[in-house]
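Welcome, and thanks for taking a look at this one with us. Below is a short briefing, grouped by topic, to read alongside the model.

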Amino acid sequence: KLTEETIGSIIQCLPASVVEFRGGELEKYVAFPIGDLDESTIEMLGSLTIRKIIFGDLLVPEVLLARVLKFFSYTHVQELEFDSCVFKGRGDWAEMADPVWARRFRNVTAAALMARQQALSSLSHWLGTLQDLAVTSSHVTGLPCDIGRELRALRSLDVAQNNLGDASLAPAFCKGAFPELQVLRLQRNNLTSYPGVCESMRLLRELQHLDLSQNKLTADPSSSCQRPAHLRIFNFSDKVLDVSCNHLHVVDVSLSSLKKLFLSQNGLQAIPSLKNCPMLDTLHLDNNSITELPWGEVKLLGHLQDVAMADNPYNCSCSGAGALPAPA
């Protein structure tokens with residue numbers, strides 16, 4: 001039982017680097033005072049080795065949460081994780097003190113982010129130093145532009161398994177939002193338009209890793225949208241892969257469910273092996289440096305519905321040249 005008398009002994013039992021609080025309702029502790037601490041208590045908290053705190057299966061009054069987080073701000077905690085929690089009410093976030101670098105929410109229920117922009121404005125200092133944020137499986141439908149602008153140092157954002165749709169991305173990644181974002185995970189949302197997603201990403205100048213897998217995206221090869229120049233890892237899905245307009249010289253693809261592969265405008269000198277992509281029906285290889293097509297690959301190309309291979313420096317004397325597919 002948590003009381004003012006027992007809190008000291010509880011603190012002394014926290015030598016671990018990871019501490020977990022799981023199960024129950026915390027409403028009865030709302031009135032528990034966490035005021036200014038004396039120097040000896042602050043020194044003791046600073047000596048703890050706690051780096052991560054997990055709150056799981058809890059009903060959490062936000063007013064208490066703000067006070068608890070202030071309490072742990074005197075430690076060296078760098079990561080907070082909330083797993084299957086329900087946040088109730090509204091907290092006084094002005095009570096927050098020093099920030100943590102990472103925060104993770106999984107399967108949480110709370111008031112919609114779009115309705116909390118003004119309430120979270122008092123967290124400007126804290127949001128401005130956050131580097132890693134995950135809000136997964138939490139029915140998120142939108143990310144406020146203003147909050148994105150406050151997340152000035154964020155490097156990684158994971159919003160997988162939510163309800164984000166095409167129309168919600170452009171407002172979320174508005175001008176000035178997420179200026180340092182390098183990793184963005186959007187898998188398992190309600191995205192359908194690749195050109196729309198691409199256009200929404202164009203202001204993320206530092207983006208290096210984008211995961212769009214397990215959505216229902218449709219690709220439009222004629223789209224003129226240019227992905228962020230620094231993009232290095234691009235997981236489109238297990239159905240469609242578009243890595244055109246890059247500097248690839250070799251591609252090794254092995255995806256049993258892949259249906260569409262776009263590799264135009266690269267530096268490929270040979271066609272990638274298709275034997276590990278049995279479901280493939282579309283292949284675009286325009287504007288590469290391909291000179292020869294092995295007969296085995298030519299036979300596989302004949303089974304595809306859409307093949308585009310124009311503007312390559314083919315050597316017409318190569319084996320199988322007579323079977324080259326007509327340029328699309």
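## Aromatic rings

F21, F55, F82, F87 and F105 are linked into a cluster by ring pairs. Please keep in mind that this is a predicted model.

- In total, the count comes to six aromatic pairs.
- One of them is F55 with F82: the ring centres are 5.1 Å apart and the planes meet at 10 degrees, so this pair is stacked.
- Because F55 sits in strand β2 and F82 in strand β3, the pair ties together parts that are 27 residues apart in sequence.
- F55 counts as buried at 7% relative accessibility, and F82 is buried with a relative accessible area of 0%.
- F173 and F178 also form an aromatic pair, this one tilted, with 5.4 Å from centre to centre and 50 degrees between the planes.
- Both partners are covered: F173 is buried at a relative accessible area of 2%, and F178 is buried at 4%.

## Nonpolar cores

- The largest nonpolar core has 58 residues, and the members that touch the most others are L157, F173, L184, L186 and M201.
- Elements giving two or more residues to this core are β2 (52-61), α3, β3 (79-83), α4 (124-127), β6 (132-136), α5 (145-150), α6 (166-172) and α7 (194-201).
- Helix α3 gives the most to this core, with six residues.
- A second, separate core holds 21 residues, including V251, L261, L280 and M309.
- What does L184 contact, leaving aside its neighbours within four places in sequence? L184 is in contact with L157, F173, M201, L204, L207, H209, L210 and D211.
- Helix α3 (residues 62-72) is mostly covered, as 10 of its 11 residues are buried.
- Among the buried residues of α3 are L64, L65, V68, L69, F71 and F72, and also E62, R67 and K70.

## Salt bridges

- Searching the whole structure turns up 12 salt bridges.
- E79 and K52 meet through their side chains in a salt bridge, at 3.7 Å from N to O.
- This pair links distant parts of the chain, with E79 in strand β3 and K52 in strand β2, 27 residues apart.
- R104 and E79 also form a salt bridge between their side chains, at 2.8 Å from N to O.
- Here too distant parts of the chain are linked: R104 is in strand β5 (residues 102-106) and E79 in strand β3, 25 residues apart.
- Is E79 buried or exposed? With a relative accessible area of 18%, E79 is buried, whereas R104 is partly exposed at 27%.
- D146 forms a salt bridge with R149, and their closest N and O atoms are 3.7 Å apart.
- Both D146 and R149 lie in helix α5, three residues apart, which is about one turn of the helix.
- D146 counts as partly exposed at 40% relative accessibility, and R149 is partly exposed with a relative accessible area of 38%.

## A loop serine

- S138 lies in the loop between β6 and α5, and it counts as buried at 11% relative accessibility.
- A polar atom of the S138 side chain lies 2.8 Å from the backbone oxygen of T136.
- Leaving aside its neighbours within four places in sequence, S138 is in contact with F105, R106, N107, V108, Q161 and N162.

Definitions and conventions:
Residues are numbered from 1 along each chain as its sequence is written. This is a predicted model: local features need pLDDT of at least 70, side-chain atom pairs count only at pLDDT 80 or more; totals for chains, interfaces and linings use all residues. Side-chain values use heavy atoms; hydrogens and water are left out. Buried means under 20% relative accessible area, exposed over 50%, partly exposed in between (1.4 Å probe, protein chains only). Helices (H or I, at least four residues) and strands (E, at least two) are DSSP runs, numbered from the N terminus. A nonpolar core is a set of buried Ala, Val, Leu, Ile, Met, Phe, Trp, Tyr and Cys residues joined through side-chain atoms within 4.5 Å. Contact means heavy atoms within 4.5 Å. A polar contact is a pair of N or O atoms within 3.5 Å; within protein, one must be able to donate a hydrogen and the other to accept it, and residues adjacent in sequence count only if both atoms are side-chain atoms. Rings of Phe, Tyr and Trp (its six-membered ring) pair if their centres lie within 6.5 Å; planes under 30 degrees apart count as stacked, over 60 as edge-to-face and the rest as tilted. A salt bridge is a side-chain nitrogen of Lys or Arg within 4 Å of a carboxyl oxygen of Asp or Glu.
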